[in-house]
Amino acid sequence: MSTSSVPTGRGRLAGPLPFPDAARRQLADAQLRVNLRRATHTIRDKRARVVAELPDWEQLRLAGSAIKADVLARLPELLVQFEDAATRAGATVHWARDATEACDVVTRLVRQTGADEVVKVKSMATQEIELNEALERAGIHATETDLAELIVQLADDEPSHILVPAIHYNRHQIREIFAGRMGDAPAGLTDDPRALAEAARLHLRRKFLSSTVAISGANFAVADTGTLVVVESEGNGRMCLTLPQTLISVVGVEKLVPTFGDLEVFLQLLPRSSTGERMNPYTSMWTGVTPGDGPQNVHIVLVDNGRSAVLADEVGRQALHCIRCSACLNVCPVYERVGGHAYESVYPGPIGAILSPQLTGVTASPSASTLPWASSLCGACYDVCPVRINIPEVLVHLRQSVVDAHRDRPSPERTAMQALSWVMGDRRRYARALRAARRGSAPLAAALRRRTVRRLPPPLSGWTAYRDAPLPVGESFRDWWRRTR
Amino acid sequence: MRIALFITCVNDLLYPETGKAVVRILERLGHKVEFPDSQTCCGQMHANSGYRAEALPLVRGFVETFDRYDAVVAPSGSCVAMVRESYPRFVPAAAGVASRTYELSELLVDVLGVTDVGAAFPHVVTYHPTCHGLRVLRLGDKPLRLLRAVADLELVGLAGAEECCGFGGTFAMKNAGVSGAMLDDKCTAIEQTDADVIAAADNSCLAHIGGGLSRRGSPIRVMHYAEILGGAS
Ligand code: SF4
C-alpha cells in the first residue's frame with residue numbers, strides 16, 4: 001500500500017444519493033416525521049433543563065474545546081504515550097490506517113480465540129468501519145447488546161441516530177420487529193416498553209453468559225494512564241466489558257484526552273448533552289489487564305480511517321473534537337424532518353454533514369459533495385455543542401472546498417454567482433440591474449394585479465414549489481432616496 | 001454621530017418601505033442618516049454558497065463605502081451578522097467597520113439608548129427571531145423591547161419561536177423539500193396565534209414565511225419590525 005498520501009476514510013460514511021434526493025425519500029414518510037419530532041423534542045428539552053442547572057456550563061464548554069484542541073495539536077505524541085501506558089498495563093495495541101485494516105485486525109484476533117460468536121457494546125467506530133459485516137463474512141456472528149442497536153440489527157436496518165440508533169421506530173414497530181425476528185421472543189409480547197425491555201434482557205442474558213469475546217469502542221482514551229472509558233445507560237456495556245475472557249476495543253485516534261484529570265470535564269459535558277442526565281448510569285474504565293479480574297486478553301485497535309486527513313485542514317479539524325453526544329442532531333431542524341438515513345452515513349445530522357465528507361473527501365461520493373448544503377445555517381447545533389464545534393463555519397468552509405474542487409467543470413450556478421458578483425461590484429452596474437429587474441417584472445405584476453407570483457421557471461421553481469414569490473415593483477430604495485433628498 | 005444606512009440588496013429591490021421606515025425612525029429621534037450610494041450587497045449569498053473569491057470584491061466595496069462612518073445600520077440581522085462575524089476573516093482591515101455595523105435594534109437600544117421610538121400600531125403582532133440575529137448577533141429581546149413600547153400594539157408569543165423557518169438562503173431552493181417542511185411547521189405555529197401580523201428582523205426570511213402563508217391562503221401579514229416602529233403615533 002502507498003504511504004505517500006494520507007489515507008481517506010472508508011466504510012459506512014457515504015452513499016450514492018445526493019442529500020436532497022435522499023432527504024426527499026425520507027420526507028415522504030409521515031410516520032417517521034411524527035416519531036422523530038416527538039423523540040428529538042423530548043431529549044432536546046431534557047438537555048436544556050439539566051444544562052441550565054450548571055452556572056459554569058460555558059466554562060466547561062471552553063475547557064472541553066481547549067483540551068480537544070490540545071489533543072489535536074499533539075496527537076502523535078499523545079498516541080505513543082497512550083500506547084506505552086496501555087502496553088505496560090498488559091494490553092496489546094494495534095494500529096489501523098483504515099476500515100479494511102481495522103476489520104482485518106479484529107477478525108484475526110477473534111479467530112485466534114476460536115470463537116464464532118461475539119457480543120458488542122454500542123460503538124460508532126465499529127459501525128463506521130462496518131465490522132459486523134466483516135466478521136459475518138469470516139463466519140463470526142456479532143450480537144449488538146445495546147437495546148436500540150439490537151432493534152436495528154434485528155430489523156436488518158441502519159442506525160439513524162448516534163445515541164438512539166432506533167429513534168425512527170415507535171414502540172408498536174419495535175414490537176413487530178421483536179415478535180418477527182427475535183427467535184426467543186415470548187409469545188403474546190405486547191408493546192408495553194417494560195415488556196419489550198424484558199424480552200430483550202432475556203434474549204441478551206443468554207448471549208452474555210455464553211460469549212467469550214466482546215468488542216467495544218471507547219468514549220475516551222486517557223494518554224497518561226492508558227485507560228479506556230465507556231459510558232452507557234443500560235448496563236449491557238458493563239456486562240460485555242467484564243464477563244468475557246477477551247476484550248477488543250476499536251478506538252478512533254481522536255478519542256484521546258491527555259490526562260485522567262481531564263475526564264472531569266468530559267464526564268460532566270457528555271451525559272448532560274447526550275441523554276440529558278446529570279450523570280450517566282454506567283461509567284466503565286479499564287487499564288490493560290487486572291490479573292484474575294475481568295478480561296485477561298485485552299486488545300486496543302487505534303483507527304485512523306481518514307482522521308489524519310481531517311486533521312490537516314485548519315478549519316475542518318475542529319470536527320475531531322466531537323464526543324458523539326448527539327445534541328446537535330436533537331436540535332437540528334433538518335435532522336428532525338428527514339432523520340438519520342438521509343445522511344447515508346453512520347454519522348447523521350449536523351456533525352455528520354461536516355464529518356462524513358471530510359473523512360472520505362468531499363468529492364468522493366454524491367452524498368459527500370452535497371452534505372455541506374444540508375443545513376439552513378441556523379446555528380442551533382453550534383449553540384448546544386459541548387465542545388464548541390462551529391458547525392456552520394465548517395459547513396461553509398466545505399461548501400467552498402466542493403465549489404473549488406469543481407472549478408474546472410461548467411456550472412450554471414457558478415456563472416450566475418460570477419455574474420452577480422460582477423454586477424454588484426460596481427454601483428452603476430448594480431443600479432442599472434435593479435432598474436432592469438423592476439422593468440422586467442412590471443408587466444407580470446400588472447397582469448397579475450398583485451406583487452406575488454405562484455410559479456417561476458427553474459432554478460427558481462424550487463422556491464415557488466412551496467411558497468409564493470415576491471415581485472419587485474415601484475421604486476427601489478436608492479431611486480426614492482435620490483428623488484426625495 | 002455620522003450614521004450611514006446600509007439598505008441591503010434585497011431591501012433595495014424588493015422592500016424599499018423597510019429602508020424608508022429606518023430613516024423615519026432615526027430622523028424622528030433627531031439623527032441625520034446618510035445613504036452612501038456606492039453601496040451594493042454584503043456578499044453573504046456568495047460567501048455562504050462557497051464562492052469566496054466572488055464575495056471578496058463585495059466585502060472590499062462595503063469596507064470602502066462605510067469605513068468613514070461612526071455607525072452603520074442595516075435592517076437585516078443576517079447581513080449584519082455577515083459583516084460583523086465573517087468580514088474580519090475575509091479582510092483583517094474590515095474589523096473596525098465590522099464592529100461599528102449594527103442591526104437596527106442594536107443601534108437603537110445599545111448605542112442610542114432608546115426603546116420607545118414614538119410609534120403606534122393598533123394590531124396583534126407575533127415575532128419570529130431570525131436565526132442569525134438570534135444566534136450570531138445575540139439580539140435577545142431587543143426587538144421585543146422596542147415592540148412592547150409601541151402604542152396600541154399587542155404582542156403575543158409564538159410557539160417554537162426560536163426554530164428556524166427554513167429559509168437559509170439558497171437552502172430554500174437546493175433543499176426545497178426540507179425547507180418547505182420547516183416552513184409548514186412555522187406557518188402552523190403562526191396560524192395558532194391570534195396575530196394579524198408576523199414581524200421579524202429579516203425580509204428574506206419574511207419573504208419565505210409570507211410566501212408560505214400566502215400559499216396557504218392565510219390572511220396574516222408579514223412585516224419587518226422596522227416598518228412597525230416607523231409608523232407614527
Ligand atoms: S458535534 Fe458537538 S453536539 Fe454534535 S455530536 Fe459532536 S460533540 Fe455532540
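A residue counts as buried when its relative accessible area is under 20%. Keep in mind that the model is predicted. At 0% relative accessibility, B:Y225 falls under that cut-off and so counts as buried. B:Y127 is buried too, with a relative accessible area of 9%.

These two tyrosines also pair through their rings: the centres lie 6.2 Å apart and the planes stand at 80°, so the arrangement is edge-to-face. B:Y127 sits in strand 5 (residues 124-127) of chain B and B:Y225 in helix 13 (residues 225-230) of chain B, so the pair ties together parts that are 98 residues apart in sequence.

Over all chains, the structure holds 15 aromatic pairs. In one of them, the ring centres of A:F477 and A:W480 are 5.4 Å apart with planes at 45°, so that pair is tilted. Both residues belong to helix 22 (residues 477-484) of chain A, three residues apart, which is about one turn of the helix. Chain B also has an aromatic cluster formed by B:F6, B:F62, B:F66, B:Y69 and B:Y87.

Now for the meeting of the chains. The contact draws 61 residues from chain B and 64 residues from chain A. About 5,500 Å² is buried between them, with carbon and sulfur atoms giving 58% of that area. B:L13, B:Y51 and B:R215 supply 13% of the area that chain B buries against chain A, more than any other three residues. There are 13 salt bridges between chain B and chain A; a salt bridge also joins the side chains of B:K174 and A:E413, at 2.6 Å from N to O.

Notes
Residues are numbered from 1 along each chain as its sequence is written. Chains are lettered from A and ligands numbered from 1 in the order in which they are written. This is a predicted model: local features need pLDDT of at least 70, side-chain atom pairs count only at pLDDT 80 or more; totals for chains, interfaces and linings use all residues. Side-chain values use heavy atoms; hydrogens and water are left out. Contact means heavy atoms within 4.5 Å. Buried area is the accessible area (1.4 Å probe) that two parts lose on being put together, summed over both. A salt bridge is a side-chain nitrogen of Lys or Arg within 4 Å of a carboxyl oxygen of Asp or Glu. Rings of Phe, Tyr and Trp (its six-membered ring) pair if their centres lie within 6.5 Å; planes under 30 degrees apart count as stacked, over 60 as edge-to-face and the rest as tilted. Helices (H or I, at least four residues) and strands (E, at least two) are DSSP runs, numbered from the N terminus. Buried means under 20% relative accessible area, exposed over 50%, partly exposed in between (1.4 Å probe, protein chains only).
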